[in-house]
Amino acid sequence: MTTLLIRHADCVATFDDARTELKNASVFVRDNLIEAIGPAAELPQDADEVIDARGHLVIPGLVNTHHHMYQSLTRAIPGVQDAELFAWLRGLYPIWAGLTPEMVQVSTQVAMAELLLSGCTTSSDHLYIYPNGVRLEDSIEAAQEIGMRFVASRGSMSVGASAGGLPPDSVVEREDAILADTQRLIERWHDASHGAMLNIAVAPCSPFSVSRDLMRESARLARAFGVHLHTHLAENDHDIAYTREKFNATPAEYAQDLGWVGRDVWHAHCVKLDEAGIALFAKTKTGVAHCPCSNMRLASGLAPIRRMIDSGVPVGLGVDGSASNDGAHMLGEARQAMLMARVRRSLEPFGCDHGPGEMTARDALAVATRGGADVLGRKDIGQLAPDMCADMALFDLRTLGFAGGAVHDPVASLLLCASPAAAWTVVNGRVVVREGHLATVDLGPLVERHNQLAVQLALAAR
């Protein structure tokens with residue numbers, strides 16, 4: 001058994017049910033679980049590893065509920081920098097058709113490195129394109145090496161352009177093959193135990209790239225094995241129009257008809273979810289992955305997140321694909337969620353009741369921690385408490401970005417000041433970021449190879 005002590009932190013923000021915040025506190029970890037949190041003088045003074053946390057804020061590890069990690073290879077690609085969702089996808093599908101297993105492995109680690117360095121300890125990934133021998137194992141093995149807690153979503157596309165879908169026929173799969181591979185992955189890799197480092201989710205891509213039959217069969221498969229379901233929904237006006245034209249339904253009606261509501265389901269974006277849809281999701285506890293940077297980058301709109309949360313919809317945070325966000329800084333995403341909620345409120349037709357208080361810094365951090373854990377169905381992450389997974393991020397309050405802020409409110413300053421990098425990130429009791437540097441993978445060669453592959457991928461599509 002190994003122990004870890006985070007000692008004498010200026011502040012530990014637990015995000016437990018009482019949102020307890022402790023001054024001059026310590027966190028004691030045994031193996032992969034938190035054993036005790038409390039005043040530094042009352043906790044053990046030694047451990048196998050001791051981190052001197054004086055001058056630091058400790059928070060639960062952030063939880064990313066939506067990503068497409070392979071897209072880190074196609075960030076800032078010319079030709080789609082100013083496109084909306086459908087044009088953006090049509091421009092990128094032919095490039096992504098050239099993905100190889102190595103490209104997926106390397107891009108996954110680059111994306112995870114960004115997340116870990118921003119204090120994120122758990123991430124989902126929605127890999128829905130499988131050309132040239134790519135397998136979900138390419139992502140899984142990358143996560144195991146770098147040390148991130150992972151929800152690997154077996155995405156899929158089955159309806160190509162010739163059948164009325166958006167993607168080209170060259171990147172879609174047969175539905176029987178999709179379901180067979182999804183079952184194989186669940187049986188081989190899914191871990192439902194407390195503290196699991198790997199979950200598998202079932203994730204047909206979107207209403208405009210899969211059939212209703214695949215959606216229904218995917219739901220049956222997931223529920224037979226007790227795993228979660230994930231897809232895109234109600235992302236922008238074109239998405240809404242497609243669903244109405246093809247299925248004569250709103251996105252929420254489409255989801256309900258196919259069995260895609262409930263605690264075991266989470267949908268990405270939901271920018272255009274209507275009032276009836278919000279009520280349905282609240283009643284059924286269907287989750288939403290909120291992706292503010294991507295939604296603004298693609299001009300999809302401002303999701304009604306405050307209304308969803310107040311109605312009882314589980315909401316987590318997602319950075320979305322690296323090619324629609326162009327970054328994967330979870331703390332920056334939380335800041336953007338806070339700011340976007342305030343801006344959206346000012347645009348409401350009935351005026352602004354709350355103004356800047358529409359979403360506080362602590363509210364946004366709760367979405368990024370507790371909210372994400374709830375959306376992913378994890379009861380063992382998202383807060384700092386005994387018997388919870390030892391996932392946490394430490395931020396140095398003595399650095400330039402916190403100057404003049406942390407002295408007043410270290411927790412709020414995490415989002416109100418410039419978004420910092422994590423000084424330390426701990427996943428499952430293991431230090432994976434040490435004094436601001438990734439400790440598990442050599443970042444220099446990784447980035448160099450990633451850039452080589454990014455050029456290779458783009459050139460191959462010309």
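Colleague: In which strand does His8 lie?

Modeller: His8 lies in strand β1, residues 3–13. Strands here are DSSP runs of E with at least two residues, helices are runs of H or I with at least four, and both are numbered from the N terminus. This is a predicted model, in which local features need pLDDT of at least 70, side-chain atom pairs count only at pLDDT 80 or more, and totals for chains, interfaces and linings use all residues. Residues are numbered from 1 along each chain as its sequence is written, and side-chain values use heavy atoms, with hydrogens and water left out.

Colleague: Why is His8 called partly exposed?

Modeller: Buried means under 20% relative accessible area, exposed means over 50%, and partly exposed is in between (1.4 Å probe, protein chains only). His8 has 26% relative accessibility, so it counts as partly exposed. Its phi is near 60°, a positive value in a residue other than glycine. Most residues other than glycine have a negative phi.

Colleague: What makes Ala299 exposed?

Modeller: Ala299 has 67% relative accessibility and therefore counts as exposed. The residue sits in the loop between α9 (292–297) and α10 (305–311). Ala299 is not a glycine, yet its phi is positive, about 55°.

Colleague: What makes Arg149 and Asp391 a salt bridge?

Modeller: A salt bridge is a side-chain nitrogen of Lys or Arg within 4 Å of a carboxyl oxygen of Asp or Glu. The closest N and O atoms of Arg149 and Asp391 are 2.8 Å apart, and the pair forms a salt bridge. Arg149 is in strand β8 (residues 149–156) and Asp391 in the loop between α13 (361–375) and β14 (392–396), so the pair ties together parts 242 residues apart in sequence. Both Arg149 and Asp391 are buried.

Colleague: Which parts of the chain does the pair of Asp264 and Arg223 link?

Modeller: The side chains of Asp264 and Arg223 meet in a salt bridge at 2.8 Å, N to O. Asp264 is in the loop between α7 (251–257) and β11 (265–269) and Arg223 is in helix α5 (residues 212–225), distant parts of the chain, 41 residues apart. Arg223 has 36% relative accessibility, so it counts as partly exposed.

Colleague: How many salt bridges does a search of the whole structure find?

Modeller: The search finds 28 salt bridges.
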